[in-house]
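Me: I should like to learn how to read the features of a protein model. May we go through them one at a time?

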Amino acid sequence: MKALKNLNKRFPCKCKIVSLDLLSIFLKYKDKKNDIFPLLSDIKNKFGCITEEDLVCITEHLDIPENKIRKIIELHNEFEIVPVKQHVIRVCGGMVCQLCGSDKILETACDELEIIPGSTTEDSKFKLEVVECVGLCEISPIIAIDNTFYGKIDESDAQALIAHEKQKVNQNP
Ligand code: FES
């Protein structure tokens, strides 16, 4: 099992919740404040979701009123705001991952989280998604926890990763 990349380098800034990746997106849009749709698309593509925290960051760093951003989100089905500190676990359901046993990985994730794909745990802390090929077929099957991707995993790896994540989240709610 390999942790491929950790894109979620969150670190405290003035608003204490922004990440380097989010800052690079903000730089791109600092003179294009009316491009809210592409801005939200970039955030969703980078992080897999848009959180309440992200809204606070956008408002603080780009000076775009929060209600304006919420309106765009309401108008477009591809966007939804997930609660603060929700973690998204994604299992790749692409063809190559399926051939490498992603169904079993998904089953393990469902068991460990006690939910079905597309739903959220009762405490709202985790969401489980099946996604299309994430472009890492050479190390299939793939699971991602937030923006960290793990390749060549088996069921016990998946179980251990999710159990570890749950423990971490429960220790630092
Ligand atoms: S099919 Fe899963 S990474 Fe390509």
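Me: At what angle do helix H2 (residues 36–47) and H4 pack?
Reply: Two packed helices are described by the angle between their axes and by the distance between those axes. In this predicted model, H2 and H4 pack at an angle of about 75°, and their axes are 10 Å apart. H2 and H4 are therefore roughly perpendicular to each other. On the side of H2 the contact is made by Ile36, Phe37 and Leu40, and on the side of H4 by Lys68, Ile69, Ile72 and Ile73.

Me: How do the axes of helix H3 (residues 52–62) and helix H4 (residues 66–75) cross?
Reply: The axes of H3 and H4 come within 9 Å and cross at roughly 130°. That makes H3 oblique to H4. The crossing of these two helices is right-handed.

Me: Which residues in H3 and H4 meet?
Reply: From H3, Glu52, Leu55, Ile58 and Thr59 take part, and they meet Glu66, Ile69, Arg70 and Ile73 in H4. Ile69 and Ile73 of H4 also belong to the contact with H2.

Me: Does Asp63 count as buried or exposed?
Reply: The cut-off for an exposed residue is over 50% relative accessible area. Asp63 counts as exposed because its relative accessibility is 61%.

Me: Where else does the backbone call for attention?
Reply: Lys152 is not a glycine either, yet its phi is positive, at about 55°. Lys152 is placed in the loop between strand S7 (148–151) and H7. Just after H6, Glu114 takes a positive phi of about 60°. As for peptide bonds, the one from Ser140 to Pro141 is cis, with omega near -5°. Pro141 is in the loop between S5 and S6.

Me: Is Ile25 buried or exposed?
Reply: A residue is called buried when its relative accessible area is under 20%. Ile25, which is in helix H1 (residues 20–29), has a relative accessible area of 6% and is therefore buried.

Me: Which residues does Ile25 touch, not counting those up to four places away in sequence?
Reply: On that count, Ile25 touches Leu39, Asp42, Ile43, Lys46 and Phe47. Ile25 and Ile43 are 18 residues apart in sequence, and their C-alpha atoms are 7.3 Å apart in space.

Me: Why is strand S4 (residues 87–92) described as largely enclosed by the rest of the structure?
Reply: The reasoning rests on burial along the strand. Six of the six residues of S4 are buried, so the strand is largely enclosed by the rest of the structure. His87, Ile89 and Val91 point one way from S4, while Val88, Arg90 and Cys92 point the other way, and all are buried.

Me: In which sense does S4 pair with strand S5 (residues 126–131), and in which sense with strand S6 (residues 143–145)?
Reply: With S5, S4 pairs in the parallel sense over six bridges. One of the partners is Phe126 in S5, which bridges to His87. With S6, S4 pairs in the antiparallel sense over three bridges. There, Val91 stands opposite Ile143 of S6.

Me: What span should helix H6 (residues 102–113) have?
Reply: The twelve residues of H6 should span 16 Å at 1.5 Å a residue. The end C-alpha atoms of H6 are 16 Å apart, which agrees with that expectation.

Me: Which residues in H6 are buried, and what do they pack against?
Reply: Ser102, Ile105, Leu106, Thr108, Ala109, Cys110, Glu112 and Leu113 are buried in H6. The buried residues of H6 pack against S4, S5 and S6, and against helix H5 (95–99) and helix H7 (155–171).

Me: How many helices and strands does the chain have?
Reply: The chain has seven helices and seven strands. From the N terminus on, its elements run β-α-α-β-α-α-β-β-α-α-β-β-β-α. Of the 173 residues in the chain, 43% are buried. Among contacts with a separation of 6 or more, 62% are between residues 24 or more positions apart.

Conventions: Residues numbered from 1 in each chain as written. Predicted model: local features only at pLDDT ≥ 70, side-chain atom pairs only at ≥ 80, totals over all residues. Heavy atoms only, no water. Buried < 20%, exposed > 50% of the residue type's maximum accessible area, 1.4 Å probe, protein only. Helix = DSSP H or I, 4+ residues; strand = E, 2+ residues; numbered from the N terminus. Pairing = 2+ DSSP bridges. Expected span 1.5 Å × (residues − 1). Contact = heavy atoms within 4.5 Å. Axes fitted to C-alpha atoms, helices over the stretch in contact; angles between N-to-C directions. Parallel < 35°, antiparallel > 145°, perpendicular 65-115°, else oblique. Left-handed = near helix turned anticlockwise from the far one by under 90°.
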